[in-house]
Amino acid sequence: MWWGGRGQSFNVTPQKEEPEMGLSGPKSVQGSGMPEPRSHQLGSCLASGCLPGEQILAWAPGVRKGLEPELPGTLICSNLRVTFQPCGWQRSEETPLSSEYDFSLANIGRLEAVNGLSRVQLLRPGSLLKFIPEEILIHGQDFRLLRVGFEAGGLEPQAFQVTMAIVQARAQNSQAQQYAGITLSKAGQSSGSRKPPIPLLETSEDWEIERKKQGARGWRVSTVNERFDVATSLPRYFWVPNRTLDSEVRRAFGHFHQSRGPRLSWHHPGGSDLLRSGGFYTASDPNKDDIRVVESMLQAGHSDVVLVDTMDELPSLADVQLAHLRLRALCLPDSSVAEDKWLSALDGTRWLDYVRSCLRKASDISVLVTSRVRSVVLQERGDRDFNGLLSSLVQLLSAPEARTLLGFQSLVQREWVAAGHPFLTRLGGTGASEEAPVFLLFLDCVWQLLQQSPAEFEFSEFFLLALHDSVRVPDTLTFLRDTPWERGKQSGQFNTYTQVYTAGYAQPPAGNSVNPQLSVWDWDLRYSKEQILQFHNLGYDPEHCPDSWLPRQQPSFMVPGPPSSVWLFSRGALTPLNQLCPWRDSPSLLAVSSRWLPRPAISSESLADQEWGLPAHWGACPLPPGLLLPGYLGPQIRLWRRCYLRGRPEVQMGLSAPTISGLQAELAHLQELLRKWTPRISPEDHSKKRNPNTIMSQSR
């Protein structure tokens, strides 16, 4: 995807001289009948959708292959992106975006040049092309494929130029440096500040509004990290218990890894609280007062506390990265895996296994949160990856409002962006060895839930695809930085509407020309109204909306926990603990009575039976309204074909096009295939063949 603003300047680098790129375009195209390209001609093809400082490096006529019919047009390489311009197609000035035709340089995962049937060269940044290409294949890290064949008849030099331009532009491109945040002129057309579509949680007022919305009366907004002097990876504001002073919060957080102490993620309307924190820093030496504060924050006013070992039974970051690489290699159009072995190869990637593990654990935790009034604490050493994944999934399973379009965006903003998930590092933007697409794993989990319970979600698969693709497009600071502190530092100031400047501006431009920082949620700046309409799930049942749910603070379906009990949830079972903190030598809380000892649980169903079946004198308790328990056995976990197989258009047919015209096109295509594949037999024979009795007799 790519876009730009209306009325922006557009710089075109002439093809006559290209000393940096080593390109020398021909002054004329002999024998082709095409006029010599002019700067204004090159500029007009992208002027309505350009970016500040964008320069065209090379271009060549070509035909986009892999489609039926093939699409003639022009392949253009700039210093920011590669785009395919179909003949006669122009970008909309209102929403100059075309996810089908644009590849940011940061999104290109693999570039191949082809000459003939067997000559293929893999082009890495800085490589030298050894022949005139007849075709190039651009594989996106978002699983898209751009396959362009070049025309013959004197245009071979242009094909060579544009291919080498892509190679060298990738080598010179630095995502972290060039994309400090894109200023779109459309956002600055109004005289006032542009209001974010959802609260970005950059002010204490945003957090207070969200706290009241959740009904978390026992919590308050802490400002202890307002200057990021507690932890740069934490948001400036977060929720802590009412009775805990900020000075106590500062001391308590120092006894957790990366100073990420316990804080509220979500308050259940029945009374339970879901917390998240980093792992205990056992090398610290807290005094008695600090231990008391830590215990108080973990208990959050509840007598029943469950510590969840987040990483237990979940893959490591290295496992996630390896599985994603294997999945991407398997889904390439030129994958060497035989068709009859493809499914076994898919199992070998382990990607679906990891999706299954995440859903199973989130389902277990949602049972813990909804079955009893208690404090459930997610503990991960760094508190920046799987804590966000599990917390988000638990809220999707337990809270209908999180399944609305605005509610889901607010959830991602709070549990991922504001909470300090290292997007840039995990998506390979820093070149570090800690790359692992945990957020993309989360989106796959959400897609699984959407497929299993489509009437429960207001947003559609196409919204998830747009969000999936946005992480690879360096447009805003949402996915371009690892921490809230880095986003605030990059934007120049720490306030609600921080300013974002393009490269080359040492000082803010004068007047009102500077636009506010944009977030990934500003869809209307990048998508047309028709595209945004596809974000809505037509099968969503309004009866599942929050207004039809239980009123807040109604604990009718929840039961109190045992007095002064501490549990560790690990490997699907609850194990009683004698104390909350690892620094005490003697028990800090009462030991758990033998009647509370749990039975081993290996699935969410058995855990649900255990939780709602004990103790016996409470009687049977119905499944709480609004709670989803996902399926994760065998074929219940499926491959996200529309996402991962986008490079194979022949597989996309039959995936339910979003429009009537699209469905008609699919129907026509399937009818044509049926006509080609159906043998020419008489109607009588055809009827006989469809007779089940005949089929059964033939099989004997």
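Figure 1. For the protein as a whole the average pLDDT is 77, with 68% of the residues scoring at least 70. Residues 175-186 likewise have a pLDDT below 50, and that stretch has 55 contacts in the model beyond near neighbours in sequence. Where pLDDT is low, the predicted coordinates should not be read in detail. Because the model is predicted, local features need pLDDT of at least 70 and side-chain atom pairs count only at pLDDT 80 or more, while totals for chains, interfaces and linings use all residues. Residues are numbered from 1 along each chain as its sequence is written, and side-chain values use heavy atoms, with hydrogens and water left out.

**Figure 2. The salt bridge between arginine 260 and aspartate 383.** The side chains of these two residues, arginine 260 and aspartate 383, meet at 3.0 Å, N to O, in a salt bridge (a side-chain nitrogen of Lys or Arg within 4 Å of a carboxyl oxygen of Asp or Glu). Arginine 260 lies in the loop between helix H5 (246-253) and strand S12 (263-267), and aspartate 383 in the loop between strand S16 (375-379) and helix H10 (386-398), so the pair ties together parts that are 123 residues apart in sequence; helices (H or I, at least four residues) and strands (E, at least two) are DSSP runs, numbered from the N terminus. Arginine 260 is buried at 0% relative accessibility, and aspartate 383 is likewise buried at 0%, where buried means under 20% relative accessible area, exposed over 50% and partly exposed in between (1.4 Å probe, protein chains only).

**Figure 3. The salt bridge between arginine 403 and glutamate 456.** In this pair, the side chains of arginine 403 and glutamate 456 meet at 3.1 Å, N to O. Arginine 403 is in the loop between H10 and helix H11 (405-417), whereas glutamate 456 is in the loop between helix H13 (438-452) and helix H14 (461-470), so the pair ties together parts that are 53 residues apart in sequence. Both arginine 403 and glutamate 456 are buried. Elsewhere, salt bridges that share partners join Glu210, Lys213, Arg260, Arg263, Arg276, Asp383, Arg414 and Glu415 into one network, and the count of salt bridges comes to 26.

**Figure 4. The salt bridge between aspartate 353 and arginine 350.** The closest N and O atoms of aspartate 353 and arginine 350 are 2.8 Å apart in this salt bridge. Aspartate 353 is partly exposed, with a relative accessible area of 28%, and arginine 350 also counts as partly exposed, at 39% relative accessibility.

**Figure 5. Cysteine 445 and cysteine 358.** A search of the whole structure finds zero disulfides, a disulfide being a pair of cysteine sulfur atoms within 2.5 Å. For cysteine 445, the closest cysteine sulfur is that of cysteine 358, at 4.6 Å, which is too far for a bond. Cysteine 445 is buried at 0% relative accessibility, and cysteine 581 counts as buried at 1%.

**Figure 6. Serine 104 in strand S5.** Serine 104 lies in strand S5, residues 102-104, and is buried, with a relative accessible area of 2%. The side chain of serine 104 reaches the backbone oxygen of arginine 472 at 3.2 Å.

Methods: pLDDT = per-residue confidence, 0-100. Contact = heavy atoms within 4.5 Å. Polar contact = N/O pair within 3.5 Å; in protein donor to acceptor, adjacent residues only side chain to side chain.
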